[in-house]
Amino acid sequence: MSPQDPASEKPQPDKAETVPGGESGSPTLSARSIALDLLDAVFRRRKPLDEALGEHAELDQLAPRDRQFVRALVTTTLRHMGQIDHALGQCLEKPLPARALLVRNILRLGAAQIMFLSTAPHAAVDTMVTLAAQRGETGFKGLINAVLRRISRDPGMFLASAPAGAVSLPDWLWQSWVKAYGVAKATQIATAHLYEPPLDFCCRRPAEAEYWAGQLHARLMPLPGTLRRPVASEGGDRLHQRVEDLPGYAEGAWWVQDMAAQIPARLLGNVAGHRVIDLCAAPGGKTAQLAAAGAQVTALDRSRPRLARVKENLERLRLHAELEVADAALWDRGRDFDAVLLDAPCSATGTIRRHPDVAWLKDPRDLAKLGATQDRLLDKAVSLLRPGGTLIYCTCSLQPEEGPARIEALLARHADLKRDRVHTEEVGGLFELISPAGDFRSLPSHLADQGGLDGFYAARILKAG
């Protein structure tokens, strides 16, 4: 689907996503072959890209530069697939047969290199033709060569002719956003996904934020203790330094967490000395927030490997929480918590700008299943909460079915619960992040001039005392 946007707001090629290539230092054919495997994993096997990256046996054998290229190539292809598929459609006299998904993905990878990654055209074309032969698609070598050479002659023309706001977005998802937010906002959301997001940090000690902003070449954000490091420097150079090598990492001075993702835990207010349970803790940013604020934290997650990473991060940050591998819906080893934080499993459509594969891994059937899971977890959360306690429910989803609809259903089931409105000062003074019902709702298009936000929803619920 290609949502329509005013012509004056037509996205331009994201030069921040440039990875050096060309005559010298061009990424290897094996890197491009791995990129093809990863794209195939997303579309054919519906596997999350991060999972596919972690499982690919040959990825670690590449040089660091080539590993960076693989990730950039796949994410760029997914992020700009609306524009890429439009360009391919203009060059193909007739559609590719359904069985030729591998060929289509080879064409997509080639076009992404030419249109967005500034790879030398002959390197992009020749390697894609060779890759097709290696994968048994010799009969399509001529077509791949012709299509990619045509795009390489004037990639700017193909970009200019693409519908404004063309994005990697299934029609059902686009229609759901139009219904929820209207055409204008849905278009702004979709357009925000065309650009690589910046890196946000949550400082363990908010009072040190200004110091670490200088060390990290980051800016102070409206939310206290939050920093943002841009994708590129003022000179246009990419700032893709490993997070582990950045100042303050080894000292445990901060952790990476989008500004929007930091808000739900803050809605609990002063939790110093309070017993708080984080029901779905991984990847651990909210657990770290609670522990840093002085709460006595119990953190659950059903994934042992993911909880192990939470433990490692807490140790680096010199923070403590009681960690337990458990299905939160079945856990029954404690009661009467002062507060419950439920960051529920969801479709994650609010994170597409960071994980462009998400758009292609979900369908409407998933929403019904996830909604049932969210309801079970909400009822469990209520049962663990003491009278007078506070529940925060949040999801990184843009879908109303996973946000306000779940809260309305919860309030209908439990007469002893009531919604507690979020106040502007709790969200960095950004009144646009508060819904008419008084809940927190961020969109990728919010703070667009500063790099945007992940899409998040959170509601604060009080239990009668």
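A crossing of two helices is left-handed if the near helix is turned anticlockwise from the far one by less than a right angle, and right-handed if clockwise. The structure is a predicted model, in which local features need pLDDT of at least 70, side-chain atom pairs count only at pLDDT 80 or more, and totals for chains, interfaces and linings use all residues. Residues are numbered from 1 along each chain as its sequence is written, and side-chain values use heavy atoms, with hydrogens and water left out.

Helices (DSSP runs of H or I, at least four residues) are numbered from the N terminus.

**Exercise 1.** Describe how helix H11 packs against helix H12.

*Solution.* 
1. Two packed helices are described by the angle between their axes and the distance between the axes.
2. For H11 (residues 259-266) and H12 (residues 285-292), the angle is about 50 degrees and the axes are 9 Å apart. Axes are lines fitted to C-alpha atoms over the stretch in contact, and angles run from 0 to 180 degrees between N-to-C directions.
3. Angles under 35 degrees count as roughly parallel, over 145 as roughly antiparallel, 65 to 115 as roughly perpendicular and the rest as oblique. H11 and H12 are therefore oblique to each other.
4. Their crossing is right-handed.
5. Contact (heavy atoms within 4.5 Å) involves Ala-261, Gln-262, Pro-264, Ala-265 and Arg-266 of H11, together with Lys-286, Gln-289 and Leu-290 of H12.

**Exercise 2.** Determine the relative direction of H5 and H7.

*Solution.* 
1. H5 (residues 101-115) and H7 (residues 141-153) pack at about 25 degrees, with axes 10 Å apart.
2. H5 is therefore roughly parallel to H7.
3. The two helices cross in a right-handed sense.
4. Residues of H5 in the contact include Val-103, Ile-106 and Gly-110, while those of H7 include Leu-143, Val-147 and Ser-152.

**Exercise 3.** Determine the relative direction of H6 and H7.

*Solution.* 
1. The axes of H6 (residues 121-134) and H7 come within 9 Å and cross at roughly 165 degrees.
2. That angle makes H6 roughly antiparallel to H7.
3. H6 passes H7 in a right-handed crossing.
4. Among the contact residues are Pro-121 and Asp-126 of H6, and Lys-141 and Arg-149 of H7.
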